[in-house]
Protein chains: 2
Amino acid sequence: MTNPTRLPVRDAIIEAAFKVLNADPSASLGEIASAAGVGRATLHRHFNGRADLVCELTRQAMRETAHAADMASRNALSYSAAIRKIFKAIIPLGDRHWFLAHEPLQALPDVCAQTKKQESEFIKLVEKAKKEGLFHSSCPTEWFVLTYDHLIHAAWEMVRKGHATDAQAADIAWTTLIQGLKKAKH
Amino acid sequence: MTNPTRLPVRDAIIEAAFKVLNADPSASLGEIASAAGVGRATLHRHFNGRADLVCELTRQAMRETAHAADMASRNALSYSAAIRKIFKAIIPLGDRHWFLAHEPLQALPDVCAQTKKQESEFIKLVEKAKKEGLFHSSCPTEWFVLTYDHLIHAAWEMVRKGHATDAQAADIAWTTLIQGLKKAKH
DNA sequence: ATCATATGAGACATAAATGTCTCATGACTA
DNA sequence: TAGTCATGAGACATTTATGTCTCATATGAT
């Protein structure tokens, strides 16, 4: 064998896991294997148990998020524009990644470290955009980030419920975010 | 025995379940019983299994939410003011109720029915406030409700992380909501 | 054609949560 | 004092997910 990582079977399991676990986060490995069209034993040959599988899904999701963010912000003309493009690029990933928010991944040091790193990089980006005037200086950066994340989720839900297209939801959510934090006067 | 529903033991179990399940949604009934200071058998005497317990927690949470909303909006001078007061009153309930969002409760007809009912009542209230000018008429009511819910969650998280007090988080979240949806022009 | 490898199916063992039951104890009441 | 009742502790069976193993098969390479 060359490299088992490249085998389509492994990918099929990962894709099935994303799909099944988003529909039912407590689905058994048997259900995941079935959805992938493989036997349960095969799943155990590729992943060292449920924890290992979820760990791989987490890494995969982080790669996908980072890649989407990189692609989106590649040719942005300002920090503010980069944040806007990342915002819109991440919304469609909710279908694949959302269930991970409910998974206990505190016991994965490397994943935690990577999460912290990406988070702190994003905060730096946000603070540069803040200086550009993307949102009012009196607004705590923490609140911007929290609102940013939750409005991404809200936009994704709007699409999932059929109330809007990706583009429509992204537009209204972005407008809500920027207008809501523009000038913290009430 | 008079009425077992009123026994402190049952309440102790419910309170412990709220606490333990928020810390770890996959906690066992044994852990919940221990946290309540009762034996596992006693828990089974009061609740017909995990599903029944979660069902009771759901009903309890819905009662608490409805009560908090009623109290808060009791003497509001307008629909808009009522929505604002409900917003602030619900934020602190996140500590108790949030884990229920991850529980599968689709198999409870009565709970689903009650949820739908409260939801549609809230939508009616929102639409009356919309006519008062609480938010711009071009903004879909669905988007207002989604944003409302998610900013409540964001505010609760802001408090949980220690970045703000209840009152501070409520103020900034409400300002974000109203300012963000005031005039859908960008 | 032969061989190596990955797989599917299924048997089997294990672990953990769950549900039921019994019994002794302590509190409260008649 | 005697009786009733809820409880705690623990034994026991059941269920479900999980992990491991074996063996037959199919596929692809030599």
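In which helix of chain A does A:Ile123 lie? A:Ile123 lies in helix α7, residues 109–132 of chain A. Helices are DSSP runs (H or I, at least four residues), numbered from the N terminus.

This is a predicted model, where local features need pLDDT of at least 70, side-chain atom pairs count only at pLDDT 80 or more, and totals for chains, interfaces and linings use all residues. Residues are numbered from 1 along each chain as its sequence is written, while chains are lettered from A and ligands numbered from 1 in the order in which they are written.

Stay with A:Ile123. Leaving aside neighbours within four places in sequence, A:Ile123 touches A:Thr141 and A:Val145. Contact here means C-beta atoms, placed from the backbone, within 7 Å. A:Val145 is 22 residues from A:Ile123 in sequence, and the two C-alpha atoms are 7.6 Å apart in space.

Where pLDDT is low, the predicted coordinates should not be read in detail.

Next, see where the chains meet. Chain A gives 22 residues to the contact, and chain B gives 22 residues. On the side of chain A, the elements giving two or more residues are α8 (141–160) and α9 (166–180). Helix α8(A) gives the most, with 10 residues. By class, this side of chain A has 10 nonpolar, 10 polar and 2 charged residues. Ala, Val, Leu, Ile, Met, Phe, Trp, Tyr, Cys and Pro count as nonpolar; Asp, Glu, Lys and Arg count as charged; the others, Gly among them, count as polar.

Now turn to chain B. The axes of α1 (residues 8–23) and α4 (residues 50–73) of chain B come within 10 Å and cross at roughly 90°. Axes are lines fitted to C-alpha atoms, for helices over the stretch in contact, and angles run from 0 to 180 degrees between N-to-C directions. α1(B) and α4(B) are therefore roughly perpendicular, a label for angles of 65 to 115 degrees. Their contact includes B:Phe18 of α1(B) and B:Leu57 of α4(B).

Terms used. Parallel < 35°, antiparallel > 145°, perpendicular 65-115°, else oblique. Contact = placed C-beta atoms within 7 Å.
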